Amino acid sequence: MCGIIGYVGGGEVVPVLLDGLRRLEYRGYDSAGMAVLEGGAVRVLRAAGKLANLEQRAYQEPLHGTVGLGHTRWATHGAPTEANAHPQTDAAGSVAVVHNGILENYAALRAELAAAGCRLRSDTDTELIAQLLGAAAGSLLERVLATLPRLVGQYAVVAVRREEPDTVVAFRNGPPLVAGLGEGENLVASDVTALLHRTRRVLFLENGDVAVVRRDGVEVVRADG
């Protein structure tokens, strides 16, 4: 029962992410992290243990941006360490991903990526999604649509890409995701409780939906495009 929060807006994103994760603490977790699009890069902070540890990291290593995502994790693949916390990134540090659920073809994908020369830095199935998105071509939406057929299992995924600093893309098969439609800002989360203090206009994503979240709106397409 991990927690996910993603945000695109006009204000500082870190307080929004930490507040959203705090509202999702009831779901239980053993590590936490966030990714922020800042200065043409994806900057990631992660910490094992309680959310307070991530808050301390954010105080010591401040991030500034208006787009980002956050996550609280229950360990499935890999121990509850900082290296296995989400977000996970691709080899180039271009794509960052948070993920609820379990990939059933984890072993096959991991072996395939390793054989292709990809140096994996965690024990998670989430990193495999980030690596696949990083290796695909096109926009983040196009990369998601190309990667979806490769994923077998249950997942709710939210991703950002440094080359698209105004966009968050979310997609699901099984675990829930909900978009929050705000004024000058839009959000996505794993539970509506993370959104209702900011907006009462919400859109529950169906299985197979892919949501492209930007400051001026949310576009939803099916997995077949």
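A91 counts as exposed, because its relative accessibility is 58%; here exposed means over 50% relative accessible area, buried under 20% and partly exposed in between, with a 1.4 Å probe and protein chains only. You'll find A91 in the loop between β5 (88-89) and β6 (95-103). Strands are DSSP runs of E with at least two residues, helices are runs of H or I with at least four, and both are numbered from the N terminus. Leaving aside neighbours within four places in sequence, A91 is in contact with R121 and Q131, where contact means heavy atoms within 4.5 Å. A91 and G3 are 88 residues apart in sequence, and their C-alpha atoms are 24 Å apart in space.

A quick word on what you're looking at. This is a predicted model, in which local features need pLDDT of at least 70 and side-chain atom pairs count only at pLDDT 80 or more, while totals for chains, interfaces and linings use all residues. Residues are numbered from 1 along each chain as its sequence is written, and side-chain values use heavy atoms, with hydrogens and water left out.

Now try G153, which counts as buried because its relative accessibility is 10%. G153 lies in strand β7 (residues 153-161). Y106 is 47 residues from G153 in sequence, yet the two are 9.1 Å apart in space, C-alpha to C-alpha.

On to the core. In soluble globular proteins, nonpolar side chains tend to be buried together. A nonpolar core here is a set of buried Ala, Val, Leu, Ile, Met, Phe, Trp, Tyr and Cys residues joined through side-chain atoms within 4.5 Å. The largest one has 25 residues, and V97, V144, L151 and F171 touch the most other members. At least two residues each come from β6, α3 (106-115), α4 (126-135), α5 (140-147), β7, β8 (168-173) and β12 (209-214). With five residues, α4 supplies the largest share of this core. Another core, of 24 residues, lies apart from it and includes L24, Y29, A194 and L195.

Finally, look at helices α1 (residues 13-23) and α2 (residues 51-60), whose axes come within 11 Å and cross at roughly 175 degrees. The axes are lines fitted to C-alpha atoms over the stretch in contact, and angles run from 0 to 180 degrees between N-to-C directions. So α1 and α2 are roughly antiparallel to each other, a label for angles over 145 degrees, with under 35 roughly parallel, 65 to 115 roughly perpendicular and the rest oblique. V14, L18, L21 and R22 of α1 meet L51, L54, E55 and A58 of α2 in this contact.
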